[in-house]
Amino acid sequence: MKKMTAMMLGLLILASSAFTEDKEPVKVILSTTTSTYETGLLDYMLAPFEKENNCKVHSLSLGTGKAIQVAKDGNADLILVHARAAEDQFVAEGWGVNRQDVMYNDFLFMGPKEDPAGIKNAKSATEVCKKIAEAEQPFISRGDDSGTHKREMSFWKKLKTKPESGKDSWYMEAGQGMAATLKIADEKNGYVMLDRATYNFQKENTRLVLLYEGDDELLNPYGMIAVNPEKYPSVKYDLAMKMIEYFTSERGQKMIADYKIKGEQLYFPNFKNPRAAK
Amino acid sequence: MDYIFGGISEAMRLIVSGDGEFWSIVWLSVKLSSISTLLASFLGVPAAFFLVLKRFRGRDMIITISNSLMSVPTVVVGLFVYAVLSRRGPLGDLALLFTQVAVVIGQTLLILPVVISLTVSTIRALDKSVRETASSLGADKKQQLMIFFSEARFGVAACLITAFSRVFAEVGVSMMLGGNLRNYTRTITTAIALETSKGEFGLSIALGIVLLAVAFAINFTFLKFTKLYRTAE
């Protein structure tokens, strides 16, 4: 009987300690694009945040389309993506609140060294697309509804045309991530539009060369949005808001500017360039 | 939950409406898997018969290797063929990577061990009893072999269907070697991977349903066919 009591008591202590244990970090889910994750920016930014707020941030690295969808399905607490129109829609439909500009980088075009379509001297990104289409040179599109793909589509829209994979033999939609798409372009000796972070990472792994950059049309702003707690009461709204505050604070912005890989800055804090926030 | 039901109703709409792109994806999957299975059978079935009927040193080793290769991950086969076909690889000048041909090469290599190993064990199961019966009935060597082939055919066909199912359902090789290029190398499985990553569940579910339906249809036809044939005999 004594043994029994002792055991019960032991169990009780164990159980109560399980309940009073409050050091367990809170789990926050950040749904984001593959690029921010692959470049290591998130790990770098989140480490101090996790420490200071006693939380663990799980980053889902997805294409922008899915990153937003996951949040709509209630499976994330906040998002960090780059597709302004889709972001605004996300807020307008009530899924998200408190959208903030965080940072930007830019897109550029790579292609074969010989540049058969002559895009080097183009005056705008739209003209680059026009030249490639006119020369019917292979162009590999992301084709995955990502932020990069959406941007590329906006150029075709301006040209009032819509090349189709399969119908137009020079135009191919990969439906894959940036690095995979670049590889396909390399194999097909074609042109490709990519973000600067991927470019910095991959430029030594490809035969293609940088041919066009610097147009305003190619700026790529990232926004952060908290998931609306009215839609999903279980979201970690307070921590999401704190994280957004952290990224947009002077300290956070400086950290973003300081983040370099192989000596090159990958992302540019937003407050320095308000035109990117347009 | 909405998106699941939304996905299913969108799936039904796609299947019924005869959406061109949808059915061309399905057709491409069937086409590539069939070609790969045919190629693998032309190579694998004779090899299996050879392995069972001929005795030579290293035979068991080959069979063991083939058995273990049955479970090789699709991405490993993909990686291997990728390295060979890539522009920087030994066959780079052929510009074959990210074409339908590349997918067929990878898929054929993927199921070749499946065809060989399953056929070997099928024939082995038949081997003794059939030959003993045949010879006790007075058949000569050549007749024995003919009886043997004819007895083995259903078993071998079942092996080929298993091989077909394996390529039809795989995604690693198709993605790595085909590149999921729209209207060119996009198959059912790579399309599912893409559409899911875009958050488009409707198309994914529709493709999933068709994938299962095709697999079922093939197995069902085979079952009916063997039954019909066996009762006719």
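Two residues are in contact if their C-beta atoms, placed from the backbone, lie within 7 Å. This is a predicted model: local features need pLDDT of at least 70, side-chain atom pairs count only at pLDDT 80 or more, and totals for chains, interfaces and linings use all residues. Residues are numbered from 1 along each chain as its sequence is written, with chains lettered from A and ligands numbered from 1 in the order written.

Q: How many residues of chain A are in contact with chain B?
A: Look at both sides of the interface. Chain B brings 16 residues. Chain A meets them with 20 residues.

Q: Which helix of chain B gives the most to the side that touches chain A?
A: Helices here are DSSP runs (H or I, at least four residues), numbered from the N terminus. The top contributor gives three residues. It spans residues 188-198 and is helix α8.

Q: How far apart are the C-alpha centres of domain 1 and domain 2 of chain A?
A: Domain bounds come from an automatic or database assignment. Domain 1 of chain A covers 24-105 + 221-277, and domain 2 covers 106-218. Their C-alpha centres are separated by 26 Å.

How values were computed:
Helix = DSSP H or I, 4+ residues; strand = E, 2+ residues; numbered from the N terminus.
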